[in-house]
Amino acid sequence: MTRALELAKQAAADGETPVGAVIVKGDKIVGEGRNRREKGKNALYHAEIEAIDNACKTLGGWRLFQCEMYVTLEPCPMCAGAIINSRLRRVVFGACDFKGGACGSLFNMFSYPFNHKPLMEMGVMSQECSDVLKDFFMQLRKSKE
């Protein structure tokens, strides 16, 4: 989660919503991602999607069933769907997303009868993950005054 937080801070420094994601296989990072929607002008450029894409390229296949994702913010429905489809074994996230979270805050996509159900752990380093988001949006509001 520490590396995911570093990526979130990089996103914030680039004017993006500070979300970072890391995919590990065993003790090795095989994929990383951070939000790039504003600069990329693309709704698909979420940290989780970038990390999944990166891990698939690193490992040479789309099935990530031996991997785990660490992400600073609860995945949205799109990302939760990508997590299911990539067969990630486990997802660990920091901050809950009460406006868009699809892993327990609004609903839990992993509880539906899809062909794959990732394990999930929430609240890891939640204060640190929340603080990065709060600081970013506070600064954004100040810059618009």
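**Salt bridges and nonpolar core**

The side chains of glutamate 121 and arginine 90 meet in a salt bridge, with N and O 2.3 Å apart; the term covers a side-chain nitrogen of Lys or Arg within 4 Å of a carboxyl oxygen of Asp or Glu. This pair links distant parts of the chain, as glutamate 121 sits in strand β5 (residues 119–122) and arginine 90 in strand β4, 31 residues apart. The model is predicted: local features need pLDDT of at least 70, side-chain atom pairs count only at pLDDT 80 or more, and totals for chains, interfaces and linings use all residues. Residues are numbered from 1 along each chain as its sequence is written, and side-chain values use heavy atoms, with hydrogens and water left out.

**Salt bridges**
- The structure holds nine salt bridges.
- Glu68, Arg89, Arg90 and Glu121 are linked in a network of them.
- Arginine 90 is buried at 18% relative accessibility, whereas glutamate 121 is partly exposed at 32% (buried means under 20% relative accessible area, exposed over 50%, partly exposed in between; 1.4 Å probe, protein chains only).
- Arginine 36 pairs with glutamate 50 in a salt bridge, the closest N and O atoms being 2.6 Å apart.
- Arginine 36 lies in the loop between β2 (28–34) and α2 (37–40) and glutamate 50 in helix α3, so the pair ties together parts 14 residues apart in sequence.

**Core**
- The largest nonpolar core has 38 residues, of which Ile23, Ile52, Leu64 and Leu88 touch the most other members.
- Such a core is a set of buried Ala, Val, Leu, Ile, Met, Phe, Trp, Tyr and Cys residues joined through side-chain atoms within 4.5 Å.
- Helices (H or I, at least four residues) and strands (E, at least two) are DSSP runs, numbered from the N terminus.
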